[in-house]
Amino acid sequence: MTPVSSKLYADDVSLLMVLVDTNPYFWSSMKNTAFTFPKFISHVLAFLNSILLLNQMNQVVVIATGFNSCDYVFDSSTSSMQRAECLLEKLEDFVDKDESLSQEDSVDGVGFSLLSGSLSMALCYIQRVFRSGPLHPQPRILCLHGSPDGPGQYVAVMNSIFSAQHSMVPIDSCVIGSQHSAFLQQASYITGGVYLKPQVSDGLFQYLSTVFATDLHSRSFLQLPRPVGVDFRASCFCHKNTIDMGFICSVCLSIFCKHHKKCSTCGSNFGEARKQDPSASDQRRTSDGS
C-alpha cells in the first residue's frame, strides 16, 4: 500500500508515527516480570535511532498513549536536543502528569489506554504533512501497545482505522501485553499493515528492527509475519461488550447485544410496520367490498 509517487521524496524515505503505551496501570502489572517500562523504553530508543540512521531524511514522531491523555513527546524534525535526552525528559513529564490524573479515578485491573486518541493525533499530524507541500515522506503508524482493548473506544478506533485506510496509511501493530488486541488486529488487516505479538519480550528490539524498520517499498521484497487469525468481533453500543451476534440498526448501523424498541444513536424505531397511505387503504377496502 503506497501513496501517490509524485508526493514522495523517495521510495525509502519514511515518516514513522510511533504510539507508545504509557498506561501506568498496565506497567504496574508488569513489575513482576523482567520486562519493565524503563527496559521497554530502552528498546524503543534503540529502534528510533536505527530508523533515523537508515536515511537522514527519515522523520520520527512519538506520541505517548496514557490512561487519561495523549500527547506528542518527540518530533525529530523540530528537536534540537539529543534525541534520547529530549524524548526521556518529555516522556517523564507526561507520565507524571498522567499518573496524577489517574489518582482521582478508581480503576479495576490494568485499565485501558487512549488508543483512539493517539491514533487520531497521528492521523492529524499526517494530514498536516500531506497539506504542507507536494513532496513528503511515506507515512505509516506503529502502535506499541500493551493495555487491553477499551470497548468504549470501539467506534472512535474504527473511525480512525477507516480514515487511515482512506489516506493509504498502514497501521503496524506490536502487542507487548499478555493477550492479543482485536482492535489492532483489525487495524493492521484493514490498512495493510503488519501485526506482531513478540514471543520473547526481551528481544523486542530485534523484532522491531527486523519487522518494522523496513520502509513500505522494501516490504514488497520481504516475507513479513502474517497473523494466524483476525478477531473481527464488534462491541455493542449499549454495554460496550464484545459480541459474536447482535442487532444492527438499518439506519445508522449501530450494534446492540439485545433487541431494543428504539435506536439510542439515531432514534429510529425498531419492529414497527411502515404506515400505509390512508387513501390507498380506502381504495383497497372499496375494491374488496365490490
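In this predicted model, Asp 172 forms a salt bridge with Arg 219. The closest N and O atoms of the pair are 2.5 Å apart. The bridge links distant parts of the chain, with Asp 172 in strand 5 and Arg 219 in helix 8. The two residues stand 47 residues apart. Asp 172 has a relative accessibility of 0% and therefore counts as buried. Arg 219, at 11%, also falls under the 20% limit for burial.

The side chains of Arg 140 and Asp 172 meet in a salt bridge, with an N to O distance of 3.9 Å. This pair again links distant parts of the chain: Arg 140 belongs to strand 4 (residues 138-145) and Asp 172 to strand 5 (residues 171-175), 32 residues apart. Arg 140 is buried, because its relative accessibility is 1%. Side chains of opposite charge can pair when their charged atoms come close.

The count of salt bridges comes to three. One of them joins Asp 202 to Lys 39, with the closest N and O atoms 3.1 Å apart. Here too the pair links distant parts of the chain. Asp 202 sits in the loop between strand 6 (195-196) and helix 7 (204-212), and Lys 39 sits in helix 2. Their separation is 163 residues. Asp 202 is partly exposed, because its relative accessibility is 39%. Lys 39 is also partly exposed, because its relative accessible area is 31%.

Helix 2 (residues 37-54) also holds Phe 40. Phe 40 is buried, because its relative accessibility is 0%. Beyond its neighbours within four places in sequence, Phe 40 is in contact with Val 20, Asp 21, Trp 27, Phe 35, Leu 144, Ile 176 and Leu 204. Phe 40 and Ser 201 are 161 residues apart in sequence, yet their C-alpha atoms are 8.6 Å apart in space.

The chain as a whole has nine helices and ten strands. Of its 290 residues, 46% count as buried. Among contacts between residues at least 6 apart in sequence, 66% join residues at least 24 apart. The chain exposes about 15500 Å². Carbon and sulfur atoms supply 52% of that area.

On the surface, a patch of negative charge gathers Glu 85, Glu 89, Glu 92, Asp 93, Asp 96 and Glu 99. Glu 85 is found in helix 3, which spans residues 83-102. The numbers of the other patch members, Glu 89, Glu 92, Asp 93, Asp 96 and Glu 99, also fall within that span.

Several loop residues complete the description. Met 168 is found in the loop between helix 5 (154-166) and strand 5. Met 168 has a positive phi of about 60 degrees although it is not a glycine. Most residues other than glycine have a negative phi. Met 168 is partly exposed, because its relative accessibility is 33%.

Gln 223 lies in the loop between helix 8 (216-219) and strand 7 (234-235). Gln 223 is exposed, because its relative accessible area of 75% is over the 50% limit. Gln 223 and Val 211 are twelve residues apart in sequence. Their C-alpha atoms are 9.4 Å apart in space.

Asp 244 occupies the loop between strand 8 (242-243) and strand 9 (247-248). Asp 244 counts as exposed, because its relative accessibility is 64%. Asp 244 and Phe 232 are also twelve residues apart in sequence, with a C-alpha to C-alpha distance of 9.1 Å.

Conventions. Residues numbered from 1 in each chain as written. Predicted model: local features only at pLDDT ≥ 70, side-chain atom pairs only at ≥ 80, totals over all residues. Heavy atoms only, no water. Patch = residues over 30% accessible without salt bridge, like charges linked within 9 Å, V, L, I, M, F, W, Y side chains within 5 Å. Areas by Shrake-Rupley, 256 points an atom, 1.4 Å probe, with all protein chains shown as cover. Salt bridge = Lys/Arg side-chain N within 4 Å of Asp/Glu carboxyl O. Lys, Arg positive; Asp, Glu negative; His and termini not counted. Charge placed at Lys NZ, Arg CZ, Asp CG, Glu CD. Helix = DSSP H or I, 4+ residues; strand = E, 2+ residues; numbered from the N terminus. Buried < 20%, exposed > 50% of the residue type's maximum accessible area, 1.4 Å probe, protein only. Contact = heavy atoms within 4.5 Å.
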